[in-house]
Each structure stands twice: as structure tokens, then as C-alpha cells.
Amino acid sequence: MSTSLGSVVSSFGRYADRGANFIFGTGSNTVGRSIRTAVKARNRFGNSDSFVSAVAKGFAHGVKKDNAQLAKMGFVQKTWQTLRSIPGDMAAGFKGGKGLGKIGKFFKPLGKTLPFAGNILWIAGSLPNIIERTKDEGIIGCLKETGKTIIKMGSFALGSALGAAFGGVGGFFGGAILSGITDSIMGEGYKDKKDRLAKEAEEAQKAQLAQSTNPFSTFNTVV
């Protein structure tokens with residue numbers, strides 16, 4: 001019994017680590033690069049694979065590659081190593097560049113921080129909704145709103161990876177489109193909805209009060 005429980009816990013931890021790296025870390029970038037490589041190979045060499053098949057193969061290869069990297073070090077360690085390597089990479093880029101190219105190579109390593117920085121901003125923007133729902137509904141409300149946030153972030157990561165088939169710009173638009181669709185399905189955040197309903201109720205009350213204090217409101221003014 002203990003062995004099977006330990007196996008379940010171990011499997012859960014492994015998949016949670018992979019999911020965290022895909023959504024919050026560099027996993028979606030790794031998968032996106034593999035998809036882009038597969039699509040470019042198809043176009044260059046005229047493979048018989050369809051575009052969808054090339055994307056599927058690239059996705060599978062990217063996931064396998066990311067899992068192999070995570071087997072050596074977990075999400076937290078990998079993220080920390082990535083962030084810690086940036087200053088050295090920037091210095092090396094500046095030293096190895098020529099002319100104005102030094103500037104581009106100096107700032108290029110900052111691209112590694114984009115997934116992490118973007119998710120930090122996303123979480124910060126979602127905190128008011130999570131806090132408000134937690135105050136109103138307790139831990140269950142907290143879990144529900146946190147789950148909505150993670151699903152929305154995951155949809156952006158997935159869209160970004162799939163959109164990479166069309167290049168860097170495609171990755172951005174792919175993430176924006178899929179997260180927008182998810183957002184429209186799941187609805188607005190808890191605090192945003194609560195504030196909107198409160199404002200609508202206040203405006204309706206003001207309109208009703210204005211009508212009740214108007215002595216001519218009960219008369220038919222149509223001539």
C-alpha cells in the first residue's frame with residue numbers, strides 16, 4: 001500500500017514539475033523551438049508530412065526534450081540556473097560581438113527572462129481577484145480563482161508554443177489568441193465581476209431614486 005502511494009505521489013510530483021515548467025518556466029519556449037524546427041525542415045526539404053503532422057511531431061519532440069532536461073534538474077533549480085546565467089551571458093555576448101552587434105548580443109540573453117517576468121506580472125494582476133474571492137468564499141474560493149488563473153496562463157503558454165510554427169511573432173499572437181478565447185469562455189475575474197455588478201446596482205438605484213423624487217414622473221408626457 002505504501003509503495004503504491006509513494007508511486008502516486010512521485011508521479012504527481014513529476015507531472016506537476018513538468019506542468020509548472022511549461023506554464024511558468026522555459027518549457028513552452030523549448031516546445032515552441034522544436035515545433036518551429038520541424039515546420040522549417042518540412043518546408044525546406046519538402047517532406048510529405050502535412051503542416052499539422054509537422055507541428056505534432058515538433059510538439060512531441062519538444063516535450064520529450066524538456067522532460068529530459070527536467071530529469072536532470074527540477075523546475076525551481078532550472079529556473080534559478082537560467083536566471084543566474086544571464087549576467088555572464090550578457091558579458092560574453094558583448095565581448096564576442098562586433099560593432100553595433102555588441103548591443104544586440106548584450107541584450108539577447110534577457111529574452112530568457114521573458115516567460116518568467118511575464119508570468120510574475122500576470123500573477124500580480126490576478127492577485128486582487130484571488131484575494132477578494134478568498135475573503136468572500138474562503139479556501140475553496142481561493143482554489144477556484146487560482147485554478148482559473150493557472151488555466152489562463154497555461155492557455156497562453158500552449159498558444160505561444162503552437163504559434164511558434166509561424167516564427168517569434170506567431171508565438172506571441174498564438175498565445176494572445178488562445179488566452180483570449182480561454183478568457184472569454186471562463187469569464188472575467190471575481191473582483192472585476194463583483195465591482196461591475198456593484199456599479200450596475202448603484203446606477204440602477206440612483207435611477208430609481210431620481211424617478212421617485214420627480215413629481216412629474218407619474219404623468220404621461222406624450223402629447
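Phe-51 is partly exposed, with a relative accessible area of 30%; buried stands for under 20%, exposed for over 50% and partly exposed for values in between, with a 1.4 Å probe and protein chains only. The model is predicted, so local features need pLDDT of at least 70 and side-chain atom pairs count only at pLDDT 80 or more, while totals for chains, interfaces and linings use all residues. Residues are numbered from 1 along each chain as its sequence is written, and side-chain values use heavy atoms, with hydrogens and water left out.

**Aromatic pairs**

The structure holds 3 aromatic pairs. Rings of Phe, Tyr and Trp (its six-membered ring) pair if their centres lie within 6.5 Å; planes under 30 degrees apart are stacked, over 60 edge-to-face, and the rest tilted. Phe-51 and Phe-166 make a tilted pair, with 5.4 Å centre to centre and 35 degrees between the planes. Phe-51 sits in helix α3 and Phe-166 in the loop between α6 and α7, 115 residues apart, so that distant parts of the chain are linked. Phe-166 is exposed, at a relative accessible area of 61%. In a second pair, the ring centres of Trp-122 and Phe-156 are 5.8 Å apart and the planes are at 75 degrees, so this pair is edge-to-face. Both of its members are partly exposed: Trp-122 has a relative accessible area of 25%, and Phe-156 has 27%.

**Salt bridges**

Side chains of opposite charge can pair when their charged atoms come close. A search of the whole structure finds 10 salt bridges, each defined as a side-chain nitrogen of Lys or Arg within 4 Å of a carboxyl oxygen of Asp or Glu. Three of them are listed here.

| Lys-194 | Glu-132 | 2.9 Å |

Lys-194 forms its salt bridge with Glu-132. Lys-194 lies in helix α8 (residues 190–212) and Glu-132 in helix α6, so the pair ties together parts that are 62 residues apart in sequence. Lys-194 is partly exposed at 34% relative accessible area, whereas Glu-132 is buried at 14%.

Lys-152 is buried, with a relative accessible area of 12%, and Asp-183 is partly exposed at 37% relative accessibility.

Arg-196 and Glu-200 both lie in helix α8, 4 residues apart, about one turn of the helix. Arg-196 is partly exposed, with a relative accessible area of 34%, and so is Glu-200, with 41%. Salt bridges that share partners join Glu-132, Lys-135, Asp-136 and Lys-194 into one network.

**Core and surface**

Which residues make up the largest nonpolar core? It has 11 residues: Phe-22, Ile-23, Val-31, Ile-35, Val-39, Ala-54, Val-55, Met-153, Ala-157, Ala-161 and Ala-165. Helices α1 (2–24), α2 (27–45), α3 and α6 (114–163) each supply at least two residues of this core. Such a core is a set of buried Ala, Val, Leu, Ile, Met, Phe, Trp, Tyr and Cys residues joined through side-chain atoms within 4.5 Å. Leaving aside neighbours within four places in sequence, Ala-54 is in contact (heavy atoms within 4.5 Å) with Ala-38, Val-39 and Arg-42.

Helix α3 (residues 51–72) also holds Lys-64. Lys-64 is exposed, with a relative accessible area of 65%. Its C-alpha atom is separated by 9.9 Å from that of Thr-30, 34 residues apart along the chain.

Phe-173, in helix α7 (residues 168–186), is partly exposed at 48% relative accessibility.

**Overall make-up**

The protein has 8 helices and 0 strands; these are DSSP runs numbered from the N terminus, helices being H or I of at least four residues and strands E of at least two. Of the 223 residues, 28% count as buried. Among contacts between residues at least 6 apart in sequence, 60% join residues at least 24 apart.
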